[in-house]
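Hello,

Here is the structure we spoke about. Please look through it before reading the notes below.

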Amino acid sequence: MEQKIYLDNAATTPLSREVLAEMMPYFDTVYGNPSSIHSFGRDARAGVEQARERIAKAIGCRPSEIYFTSGATEANNWVIEGIASANKHKGNHIITSRLEHPSILEACKKLEKQGFRVTYLNADKNGFVRIDELLHYVCPDTILISVMAANNEIGTIQNLQAIAQTAKEKGVIFHTDAVQAIGAVNINVAEMGIDSLTLSGHKLNGPKGVGALYLRHGIAISKLIVGGEQENGLRGGTLNTPAIVGLGRAVELITRDIIINSKKLRMLRDYFINQVLTKIELTQLNGHAIQRLPNNANIAFGQVEGEAIMLMLDMQGIAVSTGSACSSNKLEQSHVLSAIGLPNDLINGSVRFSFSLSNTRQEVDYVVEKLIAVVKKLRDMSPIAKSQVGKGGNDECTTRK
Ligand code: PMP
């Protein structure tokens, strides 16, 4: 039977058995509406409140500062639109980065149409937002700064503490999209001075369609979803009890062993990167070599299309991606790779490999072997590539040996 290898954990992760086991009773016997006063409701409510406590403990906030949503897209939309709307008497300027996920960028674009001013910070070649540039753009009208904790495509981990500190000194609310960072980076919102944070269940071996927003007490936010009085009157809709219970358990599990798990993933990732960069000509790593998500390797292959690599690997049972899952079915270039200044041919030749603890060295060897063959085949078919390969590379795209 064909071997199937999943290297797309940045797009989504499988549900952990432990998480599933914890969720099961809430699909079955504990079916009450968590807002009901009777015992059926109270039983469901207990599961929801335990999840709230677990998440609060994991990120260092109070349980009453956690709000459940349908995922990080909703939570990010809510933060951007809700904070802007509730604070517009203080100013109409928002700062974010060009690296953000569409759930932030599209919400910002919506605000621009309503008369808000949005500054999109550039990133350096490694994917870092620069503090001096941030300082340059903060003005008395700035009400919100939103910078992601770690990037979903290139894996760069921002200097979160420094950004949060800058926002604090300037008296501006600071939000971070921590969807990719939770479980990979230690985050304590109180210690780091983070006012708002979003996370998603399916990126951390929890269920899909559930996420959470942490919002520091005292930060004003308008509602995004109106309806009943759930979630302290701020987010209407009957709570998705099984998913929330699963999210709580998943966050608890993933944040428990960050150091040891990150170390294992980093070793596997670096082994892979090293193999690819030394065995395949005209390749380079996108993003920072060290300050990156432990499971992320984003590699540019010169003289080939990333899309073609992805499809040919898929035919051999290997799942990887180009760009992010949310945009990889659009024929648009990655806005992240473009923000770090990668030339067009390398943007088109980039592929993201994202590992999990269940991947093995044997799998990595197998993938590298297939990758070598796939890239060779594609380059052999391309007349431009044939004339370039073997010449030793150029400034933009060199083989690291
Ligand atoms: N932010 C980031 C950085 C992401 O990677 C994703 C998922 N691709 C989201 C937000 C959206 O999360 P969800 O799928 O829960 O809506």
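How many Å separate an oxygen atom of the ligand from an N or O atom in the side chain of S200? The distance is 2.7 Å, which is a polar contact (a pair of N or O atoms within 3.5 Å). Taken alone, the ligand exposes 390 Å², and the protein buries 89% of that; accessible areas come from the Shrake-Rupley method with a 1.4 Å probe.

This is a predicted model, in which local features need pLDDT of at least 70 and side-chain atom pairs count only at pLDDT 80 or more, while totals for chains, interfaces and linings use all residues. Residues are numbered from 1 along each chain as its sequence is written, and side-chain values use heavy atoms, leaving out hydrogens and water.

A polar side-chain atom of K203 is 2.7 Å from a nitrogen atom of the ligand, and for an N or O atom in the side chain of H101 the distance to a ligand nitrogen is 3.4 Å.

Around the ligand there are 15 residues, counted if a heavy atom lies within 4 Å. T73, D177, S200, H202 and K203 come nearest. By class, the shell has four nonpolar, nine polar and two charged residues; Asp, Glu, Lys and Arg count as charged, Ala, Val, Leu, Ile, Met, Phe, Trp, Tyr, Cys and Pro as nonpolar, and the others, Gly among them, as polar. Helix α3 (residues 72-86) gives the largest share, three residues; helices are DSSP runs of H or I with at least four residues, and strands are runs of E with at least two.

Regards

Technical notes: Polar contact = N/O pair within 3.5 Å; in protein donor to acceptor, adjacent residues only side chain to side chain.
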